[in-house]
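Subject: Handing over the structure

Dear colleague,

I am passing this structure on to you, with the sequence alongside.

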Amino acid sequence: MSVAIAIDGPAGAGKSTIAKLAASTLGFIYVDTGALYRAIGLSAIRRGYTKEHTEQIVAMLDLITVELSFNADHEQIVLLNGEDVTGLIRTPEISMMASAVSAIPAVRAYLLELQRSIARTNNVIMDGRDIGTVVLPDAQLKIFLTASPECRARRRYDELVEKGMDVVFDDVLRDVVDRDYADSHRAIAPLKPAEGAILVDTSGETLDQSVQKLLKIMREHL
């Protein structure tokens, strides 16, 4: 029987980085579900759509394919119509569009079975906004990972600067706060801790400290 660990939490909490390192240590496959919504957001932006173009985005789903593949090191690769877009979906613009499309029920339904099918056939650490509440409600372990908005904005800012992007910290912080509000107030699958989830706050902690904290919890509960 496969083992599923569900990690939810707000944008910039370090879910992807921490979960990826923990999965590597445990020999699990890491699944970043947010990347799927980002891929759909990228497709919408390429077509000139905004968050108001709900009908067009829904119609677009019949015209695209979004897939995940994994290399020999279990690293996730995001494919949009067969194109590797893994390195194209981490901008603030894509983040906001991902939040917008994730509020559309048809988009969530479109991706739900893909996420569940991966968990049925692999030992996974899966992160997102509604993994423990909707996607994998029977996961053996549920974690809600968070940090203060300022801490999360600083991490995201440093990440973008390292990639050579010209960004302003206050703008990144505003994006984080706006994303938090959008994710927690949407009508469909709003961001919230799942029942029985363990709350983990990584404010002020180094990456290694955060990873070790999660690994300790995982080993104690599995």
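A residue is called buried when its relative accessible area is under 20%, exposed when that area is over 50%, and partly exposed in between, with a 1.4 Å probe and protein chains only. By that definition Glu83, at 32% relative accessibility, counts as partly exposed.

Please bear in mind that this is a predicted model, in which local features need pLDDT of at least 70 and side-chain atom pairs count only at pLDDT 80 or more, whereas totals for chains, interfaces and linings use all residues. Residues are numbered from 1 along each chain as its sequence is written, and side-chain values use heavy atoms, with hydrogens and water left out.

Salt bridges

I use the term salt bridge for a side-chain nitrogen of Lys or Arg within 4 Å of a carboxyl oxygen of Asp or Glu; a search of the whole structure finds 13 of them. Glu83 takes part in one with Arg46, where the closest N and O atoms are 3.0 Å apart. Arg46 belongs to helix H2 (residues 34-46) and Glu83 to strand E5 (residues 83-84), so this pair ties together parts that are 37 residues apart in sequence. Helices (H or I, at least four residues) and strands (E, at least two) are DSSP runs, numbered from the N terminus. Arg46 is partly exposed as well, with 46% relative accessibility.

Glu220 and Lys216 also meet through their side chains in a salt bridge (2.6 Å, N to O), and, being four residues apart in helix H9, they are separated by about one helical turn. In general, an α-helix has 3.6 residues a turn, so residues three or four places apart point the same way. Lys216 counts as exposed, at 51% relative accessibility. A further salt bridge joins the side chains of Lys163 and Glu159 (3.5 Å, N to O); Lys163 is partly exposed at 48%, and Glu159 is partly exposed at 31%. Beyond these pairs, Arg129, Arg179, Asp183 and Arg186 are linked in a network of salt bridges.

Helix H4 and its surroundings

Helix H4 (residues 92-102) packs with helix H8 (residues 169-185) at an angle of about 10 degrees, their axes being 10 Å apart; the axes are lines fitted to C-alpha atoms, for helices over the stretch in contact, and angles run from 0 to 180 degrees between N-to-C directions. That makes H4 roughly parallel to H8, a label given to angles under 35 degrees, while those over 145 count as roughly antiparallel, 65 to 115 as roughly perpendicular and the rest as oblique. On the H4 side, Pro92, Ser95, Met96, Ala98, Ser99 and Ser102 meet Asp175, Asp178, Arg179, Ala182 and Asp183 of H8, contact meaning heavy atoms within 4.5 Å.

H4 is mostly covered, with eight of its 11 residues buried, and what covers those buried residues includes H2, helix H3 (54-60), helix H5 (105-121), H7 and H8.

An aromatic pair

Rings of Phe, Tyr and Trp (its six-membered ring) are taken to pair if their centres lie within 6.5 Å, and planes under 30 degrees apart count as stacked, over 60 as edge-to-face and the rest as tilted. By this rule the count comes to one aromatic pair. The rings of Tyr157 and Phe169 have centres 6.0 Å apart and planes at 85 degrees, so the pair is edge-to-face. Tyr157 lies in helix H7 (residues 149-162) and Phe169 in helix H8, so the pair ties together parts that are 12 residues apart in sequence. Tyr157 and Phe169 are both buried.

Single residues to look at

Ile217, in helix H9 (residues 207-221), is buried at 13% relative accessible area. Leaving out residues up to four places away in sequence, Ile217 touches Leu141, Ile143, Ile198 and Val200. Thr146 is placed in strand E7 (residues 141-146) and is buried at 16%; among its contacts outside four places in sequence are Pro10, Ala13 and Val200.

Ala189, in the loop between H8 and strand E8 (198-201), has a positive phi of about 45 degrees although it is not a glycine, and Ala189 is buried at 14%. Asn81, in the loop between strand E4 (76-80) and E5, likewise has a positive phi, near 55 degrees, but Asn81 is partly exposed, at 44%.

With best wishes
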